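Let's walk through this model together, starting with a sheet and moving on to the nonpolar cores.

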Amino acid sequence: MRFYAETFGMRCVHEETNEEQGVREAMLAIGDDDGPRLQLLAPARPDSAIAKFLDRSGPGMQQLAYTVADVEATSAALRARGLRLLYDTPRRGTAGSKINFVHPKDAGGVLVELVEPA
C-alpha cells in the first residue's frame with residue numbers, strides 16, 4: 001500500500017479480511033470516490049487461492065474485476081456464450097458484494113472477476 005500511496009498518490013478507502021476467500025484485501029482509490037479502484041490482496045492463510053497464486057507466479061496482476069449490475073444474470077449470459085465460471089452461485093466479496101469469476105483459461109490467462117456491489 002505504501003508503494004501505491006507514495007508513487008501514485010493513491011489512498012486506502014477500504015480494508016478487510018475475507019475469511020471465506022482466505023485473503024486480506026485493501027481497496028485503493030485512483031481518483032475521486034466514484035472512480036476506479038485498485039485491489040491489493042494478500043493471503044490470510046497458506047492454503048488460500050492467493051497464496052497458491054503467489055507461490056506459483058510471484059507478485060503481479062492476478063485478476064481484473066468488472067462491476068456489473070446483476071452478477072447472476074451476467075454469469076448466465078457468459079455461460080451461454082460457452083465460458084466457464086468458478087462458482088455455480090455467487091459468493092460474498094469485498095464489502096458485502098456478490099462475486100463470481102470467469103475461468104482464466106477462457107479469458108486469455110487472466111482471472112476475470114464479476115462484482116455486483118452491495
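## A helix across a sheet

Helix H2 (residues 49-57) lies across E2 and E3, running at about 85° to E3. Helices (H or I, at least four residues) and strands (E, at least two) are DSSP runs, numbered from the N terminus. Axes are lines fitted to C-alpha atoms, for helices over the stretch in contact (heavy atoms within 4.5 Å), and angles run from 0 to 180 degrees between N-to-C directions.

This is a predicted model, in which local features need pLDDT of at least 70 and side-chain atom pairs count only at pLDDT 80 or more, while totals for chains, interfaces and linings use all residues. Residues are numbered from 1 along each chain as its sequence is written, and side-chain values use heavy atoms, leaving out hydrogens and water.

## The open sheet

The order E1-E2-E3 describes an open sheet of 3 strands with antiparallel pairing (two strands pair if DSSP finds at least two bridges between them). Strand E1 (11-18) and strand E3 (37-43) are at the edges with a single partner strand each, so one side of each has no neighbour in the sheet. On average, neighbouring strands of this sheet are turned by 20° against each other, direction ignored.

Strand E2 (residues 23-29) is joined to E3 by 7 bridges, and the two run antiparallel. Leu-28 stands opposite Leu-38 in E3.

## The nonpolar cores

A nonpolar core is a set of buried Ala, Val, Leu, Ile, Met, Phe, Trp, Tyr and Cys residues joined through side-chain atoms within 4.5 Å; buried means under 20% relative accessible area, with a 1.4 Å probe and protein chains only. The largest one has 7 residues: Val-68, Val-71, Leu-78, Leu-85, Val-102, Val-112 and Leu-114. Helix H3 (71-80) and strand E7 (111-116) each supply at least two residues of this core. Apart from it lies another core, of 5 residues, including Ile-99, Phe-101, Leu-111 and Val-115.

Terms used. Buried < 20%, exposed > 50% of the residue type's maximum accessible area, 1.4 Å probe, protein only.
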